[in-house]
Structure formats: C-alpha cells, structure tokens
Amino acid sequence: MARILESQGYSEVVELGSSMKLFRHWKDAGDLMKASELAQRIGKYFDGLLLNRQSLDVCLEAIKMWKDKGRAEGNENTFAGISSKLLNSITPEELECLARLHIAVARIGDGKKTRIYYKKCHSILMNSSAAADLTDRSVFFAVYSGLFILIKNGLIDDDEFTVQDLAMGFVEQAQIHGDPVHIARALAMQSLTFAGLGMFEEAINIQKKLEKVYIPEKLSSGICREYATDRAAQSYGYSVVWYKLLGRNEECEQQIDFILNELMPVMPPKNVHNSIIILCPLLWVLLEKGEARKAEDLFATYVYDRFFAFYGENSTTFFSPMYKSLHALFRLAGDAQDNNFENGNINKHDYENIESWILSIDFGEIKGYISKTMRPYGRCPHSIFAEICWLLSLANKHWDEGRRRSLLEKGFRQAQLAYLHTKGDPGLKYAY
C-alpha cells in the first residue's frame, strides 16, 4: 500500500491527508528511512503554516521509530535514546536523516526542546561510526550553529562547548567544505562571538570578511534552507549597534542604508522571524535618533503586518509575544517625538486601552529564553517594557496622577530587571 501511494505522488506533500496516510503506512512497514524522510517533508509543510505543534509531533513520531527499533533488538546501551548497536550499523544516509529529524525538532521547539535536541543530535553524530563517511558534512554545521546560539543566549552551560571553540571549528570546517553558504554562516557566528565578549572592533573586522563572501541574491535562500533563517544577513543588523557603540556613525548609517535598500527587499517575505532579527538593532538606533515613525513603519511593513497577513492571529513564532509591545513602543515614541503629548493630539480612548494593558498583571512577563535571545539584538525586553511605561506616563501627566505614578513604578521595576539581566556583560552595553 505504501508503495502504491508513493507512486501516486503522495510523498511530495501536496495533499496533506494522503501524505500523512503514506507516513503511517511506512511506519507500519517499519521502513525507517522512508517514514523519516516523509516526516521531514510533512514537518516543513506544517512549518510553512507556522503550525509548530503539528510539525513537532510528526518529527518526534519518526524519531520514536528509531528508538523503538533499538529497544526491539534488546540493546540497552544508548546515546540520545538510540541504541549504540543501531547507531553503528546504519548507513551515512540514514545517520544524516536521523540527525536532521533532531535538528528539525530543535529548530521549532520551545527553549527546552531546542536545548535537548541539539545536544542529542551532537551525541548521535559523535557516537555513530557512519559519521566518518558522511560525504556532506553540512549536518554538523547546523548543530554547530544551533549549539552556538544556545550558549550565546545563556540557554545551556558551556562546560562541554564554548562559543569560541564552536565558532573557530565552524569556520575551519566550512572553509575546508568550501561552500559559501556555510562559510558565510560561520563568519557570522565568529563575528557574533567577538561581539559577545565586547570585542566590537574584532567583530567588525570579521563582518567585513563576511561582506566579501555574502551575496544576498545568491546565498540567502541557501542559508535559510540550511539554518532556518539568514544568519549572514542578520550579522549586518548586529553590526549597526557595533558601529554605534564605537562612535563610527557614518559607517553605522551606511550599514542601515545597505540593509534597507539591498538586504530587506530580497529577504523571504514570510520569514518574519528572520526579518525581525535583521531589523531590531537598527530600529533601536533609529529610535535614539528621533526617527520613531520610520522605525514604526519598518516594523509594521516587514514584521507585524506580514505576520498577520500570512499567518493570522492564532499562529505563533518565536518573537510574536513581543509584537504587541514593540508596536506600542514605536507608536508612543512617535507621538512623543511629534509633540503630540504636549499638543493633546492623541486618541485618548486608544491610550486608555494601552494603559489598562500595561497596568494588567500580564504586562512585563516574558519567557526567559525569549528575553535572553533578544538582548544581543540591542535591547532587553524589560527595557522595552520600561520605556513604554515611561512614555505613557508622559502622555498621562495631565490626566490622573495616581495612574501616572502606577505607570512609573511599574516602569522602574522593569528597568531594574533590564539592568539586572545585562549589567557586567560586555556584549550587552546597548541592551538596557
């Protein structure tokens, strides 16, 4: 039955119900490779709709098949839940398939699953004899990249890995591999490593090496395919803050112009996660320059409006819990810079709704892994919450003194959290 369905084209995931039926047949037949390869394609289909839970479920179901096969053979010695006997009997093609299932779960999971499955994937690759015969070693690069992000954002301890070692090893291996897709990603990782240590001059030097390799029109889609987002393009965004911190304002402006005129027009419109990472650093610089309206328009055009247009209110992506706060910040900052607070040129009803939201118990609550991930983009989420409170208190100063005091008190608590999370970290000088 599975081969009949496959011959009818259902392995291409055009009609989801039939593809899921084919997956079940391959699973019942015990064909690990066929089931796993199809699970990855189905998972990508769900990813495209931001149906993360469904994507996770099908990939985890395929991984369970590998675990169950090892148990059925009675082998108790395991790595990442997979029997050592199985790991040392599979082909390089099967190893790559198993590893990419783990990478898929790591990329779309929450902070906990991301940590667990990148480390599991690393364990599988390190403990399978088939790894030595992999002709395409890019699967290792995906693991390097994932582990690096986790360590950089403080989501796993670096007792086993360090960002410096991962970045150096990645660059060396990518250059040997020779594919500019992976070289660009590796250089982006290395520049971010230096920035995380407060070594911004060194980070910019590596960024300039990246700029000699990276051609957006040629490499962006390949980087997104291998690493889920365009990490090389994102390095341009990070560098805006590095230039600003070093007082190199002309180069900062040139980088902003390049991002807006050359990068963003060729970035995948649906990948709003990629867009917000590229844009965030320059949005803060624009805000500081008094260009809140421009920041508001860029955020709405490339992130906020596209998210709701492509996916709708019931979908989610990594930073979507911050969208409402960012939208409010840019609106309030724009009104303040336009002197609308002083002139009374605001919609009082809208502002009262914003105030009720800010004074609610949920405002200012953010998951730790989102907060840690966002700080290197130039702002700690708690500093964003604090600024929203402060700006609204300025608009509210002619209204009710008690409510204004409540806003300032809540903002002060958020500012304290921002300072607590960023103080002493040389790579986060701009984040609070």
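Axes here are lines fitted to C-alpha atoms, for helices over the stretch in contact, and angles run from 0 to 180 degrees between N-to-C directions. Keep that in hand for the helix pairs below. The model on screen is predicted.

**Whole chain**

Start with everything selected. The protein has 22 helices and two strands. Its radius of gyration is 24 Å, close to the 22 Å that the globule rule gives for 432 residues, so the protein is as compact as a globular protein of that length. Orient the view along the principal axes: the C-alpha atoms fill a box of roughly 75 × 45 × 40 Å. Colour by accessibility next. Of the 432 residues, 53% count as buried. Then turn to contacts between residues at least 6 apart in sequence: 66% of these join residues at least 24 apart.

**First stop: H3**

Select residues 32-48, helix H3, and pick out glutamine 40 within it. Is glutamine 40 buried or exposed? Its relative accessibility is 16%, under the 20% cut-off, so glutamine 40 counts as buried. Show its neighbours. Leaving aside residues up to four places away in sequence, glutamine 40 touches Cys97, Arg100 and Leu101.

**Second stop: H6 and H8**

Select residues 92-108 for H6 and 138-152 for H8. The two axes come within 11 Å and cross at roughly 25 degrees. Angles under 35 degrees count as roughly parallel, and H6 and H8 are therefore roughly parallel to each other. The crossing of H6 past H8 is left-handed. Now show side chains. H6 brings Ala99, Arg100, Ile103 and Arg107 to the contact, and H8 brings Ser138, Val139, Ala142 and Val143. By class, the residues of this contact are five nonpolar, one polar and two charged. Arg100 links this stop to the previous one: it is in the contact with H8, and it is also touched by glutamine 40.

Move on to residues 323-337, helix H17, and residues 348-358, helix H19. At what angle do their axes cross? The crossing is at roughly 135 degrees, with the axes coming within 12 Å. H17 and H19 are therefore oblique to each other. Here, too, the crossing is left-handed, as H17 passes H19. On the H17 side, select Lys324, Ser325, Ala328, Arg331, Leu332 and Asp335. On the H19 side, select Asp350, Tyr351, Ile354 and Trp357. Colour this contact by class: five residues are nonpolar, one is polar and four are charged.

Technical notes: Residues are numbered from 1 along each chain as its sequence is written. This is a predicted model: local features need pLDDT of at least 70, side-chain atom pairs count only at pLDDT 80 or more; totals for chains, interfaces and linings use all residues. Side-chain values use heavy atoms; hydrogens and water are left out. Helices (H or I, at least four residues) and strands (E, at least two) are DSSP runs, numbered from the N terminus. Angles under 35 degrees count as roughly parallel, over 145 as roughly antiparallel, 65 to 115 as roughly perpendicular and the rest as oblique. A crossing is left-handed if the near helix is turned anticlockwise from the far one by less than a right angle, and right-handed if clockwise. Contact means heavy atoms within 4.5 Å. Ala, Val, Leu, Ile, Met, Phe, Trp, Tyr, Cys and Pro count as nonpolar, Asp, Glu, Lys and Arg as charged, and the others, Gly among them, as polar. Buried means under 20% relative accessible area, exposed over 50%, partly exposed in between (1.4 Å probe, protein chains only). The radius of gyration is taken over C-alpha atoms; the globule rule is 2.2 Å times the number of residues to the power 0.38.
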